[in-house]
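Subject: Structure handover

Hello,

I am passing on the structure we spoke about. Please look it over before reading the notes below.

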Amino acid sequence: MKSVPLAAFWDSMGSYIKQVHAAGQPILVTCEDPRSNIVIKSAHDYENLMENLYVLSNEYLSRKIDRGLAQTREGKLQIHELVEVESD
């Protein structure tokens with residue numbers, strides 16, 4: 001992860017935000033006190049991270065994923081056709 005000092009981030013904030021979106025990588029903004037450091041990432045990436053944390057912390061969903069992966073490894077797959085649904 002790229003890191004930049006806070007002063008440099010303030011001076012070129014727009015450029016760094018464009019870099020986050022273009023490269024798809026977060027930027028660590030460093031401060032004198034490391035406890036004040038922040039990470040800049042896209043809202044989309046943040047939402048994905050939160051969703052992954054939710055799924056992995058949910059025992060029921062984690063078991064379903066594990067069961068599905070085991071079935072895939074065992075070759076127990078079913079292929080289904082996608083059905084187009086018209087919205088109103």
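Predicted model: local features only at pLDDT ≥ 70, side-chain atom pairs only at ≥ 80, totals over all residues.

Salt bridges

The structure holds 3 salt bridges. Side chains of opposite charge can pair when their charged atoms come close.

One of them joins arginine 63 to glutamate 59, with 2.9 Å between the closest N and O atoms. Both residues sit in helix H4, which covers residues 59-73, and because they are 4 residues apart there, about one helical turn separates them. Arginine 63 is partly exposed, at 45% relative accessibility, while glutamate 59 counts as exposed at 58%.

In another, the side chains of aspartate 33 and arginine 35 meet at 3.1 Å, N to O. Aspartate 33 has a relative accessibility of 28% and counts as partly exposed. For arginine 35 the relative accessible area is 75%, so this residue is exposed.

Glutamate 74 and lysine 76 also form a salt bridge, and their closest N and O atoms are 3.1 Å apart. Both glutamate 74 and lysine 76 are exposed.

Surface patch

Which residues form a nonpolar patch on the surface? They are Tyr46, Leu49, Met50 and Leu53, and together they have about 360 Å² of accessible area. Leucine 49 lies in helix H3, which spans residues 43-57. Its relative accessibility is 38%, so leucine 49 counts as partly exposed.

Two single residues

Serine 3 belongs to strand S1, residues 2-5. Its relative accessible area is 43%, which means that serine 3 is partly exposed. Leaving aside residues up to four places away in sequence, serine 3 touches Leu28 and Thr30. Serine 3 and threonine 30 are 27 residues apart in sequence, and their C-alpha atoms are 6.7 Å apart in space.

Tryptophan 10 is part of helix H1, residues 6-11. Is tryptophan 10 buried or exposed? At 56% relative accessibility, tryptophan 10 counts as exposed, because the cut-off for exposed is over 50%. Tryptophan 10 and glutamate 47 are 37 residues apart in sequence and 25 Å apart in space, C-alpha to C-alpha.

Regards

Terms used:
Residues numbered from 1 in each chain as written. Heavy atoms only, no water. Patch = residues over 30% accessible without salt bridge, like charges linked within 9 Å, V, L, I, M, F, W, Y side chains within 5 Å. Areas by Shrake-Rupley, 256 points an atom, 1.4 Å probe, with all protein chains shown as cover. Salt bridge = Lys/Arg side-chain N within 4 Å of Asp/Glu carboxyl O. Helix = DSSP H or I, 4+ residues; strand = E, 2+ residues; numbered from the N terminus. Buried < 20%, exposed > 50% of the residue type's maximum accessible area, 1.4 Å probe, protein only. Contact = heavy atoms within 4.5 Å.
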